[in-house]
Amino acid sequence: MTARPLVTVYNEKNEATASQIKLPAVFRAPIRPDLVSFIHDQISKNKRQARAVSTEAGKQSSAESWGTGRAVARIPRVRGGGTHRSGQAACGNMCRGGHMFAPLKVWRRWHRRVNVAQKRYAITSAIAASGVPSLVQARGHVVDNVAEIPFVVSDKVEGFRKTKEAVSFLRRSHLWADVEKVYNSKRYRAGVGKMRNRRYKQKLGPLIIYGQDSAIARAFRNIPGVDVLNVERLNLLKVAPGGHLGRLIIWTESAFKKLDAIYGTPSTPSELKKGFVLPTAKMANPDFSRIIRSEEVVNAVRRARKVKSTPKVHHNPLKKFKLMAALNPYATVLRDAAHKKQKV
Amino acid sequence: MSSDIVWQTIRNNSAFLKTRRNVPKRFSTERFNLMAVNSQRYNGLVNKKGVHIQLSKDGKKVDVLTKIAKNEHLPQKSTRTVSILSKNGRRARNGVANLVKTYKKRDIMPAQRFISQLLRGTPKAKK
């Protein structure tokens with residue numbers, strides 16, 4: 001499916017403008033949920049902060065083993081007297097108040113290196129998936145009344161400075177339903193994160209991708225669920241949140257136009273990413289039903305042999321008189337005699 | 001978009017997928033899925049053509065929605081709605097069969113089953 005149709009640009013009031021842009025070639029990149037999931041996994045580890053248990057934790061008592069011969073286990077025991085604590089076991093991972101097994105260290109490998117080519121592949125795949133309405137719906141976005149996917153808006157949106165304008169734009173473009181979904185999904189986080197400044201959880205709404213730096217982020221940032229990104233600095237964690245494909249993306253016209261320059265096309269290399277060529281799919285035509293119905297296949301294949309074997313239904317002669325008569329001709333005579341007797 | 005590719009992405013992972021413990025069958029609640037079963041054949045998102053049946057907003061008619069394959073990327077214009085006015089089960093079933101048989105023969109039976117269940121579930125209007 002390498003055809004690249006024209007995409008209509010809509011203005012901030014959701015009216016189709018005269019300008020149409022040829023679909024950037026990125027949208028025809030192969031859709032690879034496995035790769036995106038893996039890369040997302042790796043990349044999401046890069047913002048982690050080191051955490052560890054104190055190096056002296058559980059080791060700060062001057063406990064010493066009593067040795068053998070005193071009818072107690074050989075674990076180090078707390079010295080001194082006059083308190084419950086004296087003579088208690090200390091220092092082992094099995095002891096109360098002892099250090100843990102394998103104390104956590106800050107030099108754990110927190111971050112992951114990801115090959116640049118793989119990161120780029122993942123992002124192109126995620127962008128391509130955002131252009132498939134089925135995937136956007138399956139991810140959970142409400143797009144029943146959106147005019148077109150991919151949704152491209154005129155650059156007027158980049159000039160928004162007030163959240164009011166942003167909200168009115170989203171409402172008119174029938175994208176507000178997705179934001180309402182975010183409002184309705186706000187709930188307490190399960191678990192201890194509640195007390196660690198992560199009290200609430202909510203779903204994600206649309207992602208707005210703009211082409212030129214402006215105040216657009218300030219207009220949209222206070223709307224729950226909405227994220228804003230610059231085309232030249234796309235973030236896989238936002239384009240495919242959770243490693244799942246199909247985020248609802250709103251492109252501004254200048255962002256959409258830049259995509260061909262950033263990612264290139266099959267015939268022109270990328271201008272901004274050195275040495276980058278759009279990934280190609282393993283199968284040029286993945287549509288199974290089209291393949292089997294295509295001229296080449298139909299002509300090469302013989303007709304299907306449909307042997308209709310209808311099972312023979314055996315009826316019960318005791319219930320179907322015609323069968324009984326076929327089996328036992330005298331049954332007719334018996335029946336007529338019985339009828340006559342009844343009449344009399 | 002090839003239904004096979006989209007299916008491979010969605011089959012295990014979708015907002016509409018419903019799995020429960022001790023329930024061996026997976027259900028799927030998207031529109032255009034008449035059997036509500038999670039399978040490529042009946043999935044409402046993956047296939048170009050699809051039929052959906054729902055009560056109209058005023059509750060007096062039954063709406064039969066069909067997907068317009070050409071408008072897959074224009075969600076606002078991608079469905080066509082025809083209303084069935086009769087709420088009589090037999091008449092509605094025949095009406096649906098007539099609507100669906102020229103569009104997608106495979107969906108005649110599921111559509112008939114769906115509309116029968118839908119009407120059985122709606123309370124009868126008291127005259």
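In this predicted model, A:T265 is located in the loop that links α8 (253-263) and α9 (288-293) of chain A. With a relative accessible area of 11%, A:T265 falls under the 20% limit and is therefore buried.

**Surroundings of A:T265**

- The side chain of A:T265 is joined to that of A:T268 by a polar contact of 2.8 Å.
- Beyond its neighbours within four places in sequence, A:T265 is in contact with A:R4, A:A25, A:D260 and A:L278.

**A:E12**

- A:E12 sits in the loop between β1 (6-10) and β2 (16-22) of chain A.
- The relative accessibility of A:E12 is 14%, so this residue counts as buried.
- A polar contact of 3.2 Å links the side chains of A:E12 and A:K156.
- When residues up to four places away in sequence are not counted, A:E12 touches A:V153, A:S154, A:K156, A:V157, A:F160, A:F169 and A:R172.

**A:R77**

- A:R77 belongs to strand β4 (residues 76-77) of chain A.
- A:R77 has 12% relative accessibility and therefore counts as buried.
- The residues that A:R77 touches, not counting those up to four places away in sequence, are A:A63, A:E64, A:S65, A:W66, A:V72, A:G87, A:Q88 and A:A89.
- Between A:R77 and A:E296 there are 84 Å from C-alpha to C-alpha, with 219 residues separating them in sequence.

**Helix pair in chain A**

- Helix α1 (residues 33-44) of chain A and α2(A) have axes that come within 9 Å and cross at roughly 120 degrees.
- The crossing in which α1(A) passes α2(A) is left-handed.
- On the α1(A) side, A:L35, A:V36, A:F38, A:I39 and A:I43 meet A:Q118, A:K119, A:Y121, A:A122, A:S125 and A:A126 of α2(A).

**Helix pair in chain B**

- The axes of helix α2 (residues 89-101) and helix α3 (residues 108-121), both of chain B, come within 9 Å and cross at roughly 150 degrees.
- Angles over 145 degrees count as roughly antiparallel, and α2(B) and α3(B) are therefore described in that way.
- α2(B) passes α3(B) in a crossing that is right-handed.
- From α2(B), the residues B:G89, B:A92, B:R93, B:V96, B:A97, B:V100 and B:K101 meet B:I108, B:A111, B:Q112, B:I115, B:S116 and B:L119 in α3(B).

**Nonpolar cores**

- The largest nonpolar core comprises 47 residues, and those with the most contacts inside it are A:I127, A:I209, A:L236, A:W251, A:F256, A:L259 and A:Y263.
- Helix α2 (residues 116-130) of chain A supplies the largest share of this core, namely six residues.
- Another core, of 26 residues, lies apart from the largest one and includes A:V136, A:F151, A:I208 and B:L74.
- Within the largest core, A:L236 is one of the residues with the most contacts; leaving aside neighbours within four places in sequence, A:L236 is in contact with A:V36, A:I39, A:H40, A:I43, A:A122, A:I123, A:A126 and A:P241.

How values were computed
Residues numbered from 1 in each chain as written. Chains lettered and ligands numbered in written order. Predicted model: local features only at pLDDT ≥ 70, side-chain atom pairs only at ≥ 80, totals over all residues. Heavy atoms only, no water. Core = buried A, V, L, I, M, F, W, Y, C linked by side-chain atoms within 4.5 Å. Buried < 20%, exposed > 50% of the residue type's maximum accessible area, 1.4 Å probe, protein only. Helix = DSSP H or I, 4+ residues; strand = E, 2+ residues; numbered from the N terminus. Contact = heavy atoms within 4.5 Å. Polar contact = N/O pair within 3.5 Å; in protein donor to acceptor, adjacent residues only side chain to side chain. Axes fitted to C-alpha atoms, helices over the stretch in contact; angles between N-to-C directions. Left-handed = near helix turned anticlockwise from the far one by under 90°. Parallel < 35°, antiparallel > 145°, perpendicular 65-115°, else oblique.
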